[in-house]
Amino acid sequence: MSRRWRDGRGTLVVHGERVGVVSVPLEIAASYRARTKGLLGRNSVEGAILLSPASGVHTFRMRIPIDVAYLDRRLTVIAVRTMKPGRLGLPRFRSRHVLEAEAGVMAGWGVQAGVRVEVVVG
């Protein structure tokens, strides 16, 4: 299931077991330039950002702690971690995409290991 997105906006749809279906504003970073910038220099983020393709992230030069969800090629969450600024996250073997959001919000959306998400472009 190969996916190729373009930089832009969309909606992240989380099919969570505890909270049902949740829709979240999504920024898509698919180009090299957009992926390397990510959330650097921001004080907050509205919704989440999807880095694709990506298997790991860092939080050097970030101002805020973030939640990081590693997704496989079928958009199933492999793991969710909270990272403080100035950290280097280890790459995940099966990860093809990474979601980033402000620390603490992913639990409220129902994003946890085993949950599938959907990306709606437009």
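Visitor: Why is Thr-59 called buried?
Guide: Thr-59 has 0% relative accessibility, and buried means under 20% relative accessible area (1.4 Å probe, protein chains only), so Thr-59 counts as buried. This is a predicted model, in which local features need pLDDT of at least 70, side-chain atom pairs count only at pLDDT 80 or more, and totals for chains, interfaces and linings use all residues. Residues are numbered from 1 along each chain as its sequence is written, and side-chain values use heavy atoms, with hydrogens and water left out.

Visitor: What makes the side chain of Thr-59 and the backbone oxygen of Lys-84 a polar contact?
Guide: A polar atom of that side chain lies 2.6 Å from the oxygen. The cut-off for a pair of N or O atoms is within 3.5 Å; within protein, one must be able to donate a hydrogen and the other to accept it, and residues adjacent in sequence count only if both atoms are side-chain atoms.

Visitor: Why is Ser-95 called buried?
Guide: Ser-95 is at 3% relative accessibility, so Ser-95 counts as buried. Its side chain reaches the backbone oxygen of His-97 at 3.3 Å.

Visitor: How do you know that E2 and E3 pair?
Guide: Strands (DSSP runs of at least two residues, numbered from the N terminus) pair if DSSP finds at least two bridges between them. Strand E2 (residues 20-29) and E3 have 4 bridges, in the parallel sense. E3 and E6 also have 4, in the antiparallel sense.

Visitor: What makes both faces of E3 covered?
Guide: Ala-48 and Leu-50 on one side, and Ile-49 and Leu-51 on the other, are all buried.

Technical notes: Buried means under 20% relative accessible area, exposed over 50%, partly exposed in between (1.4 Å probe, protein chains only).
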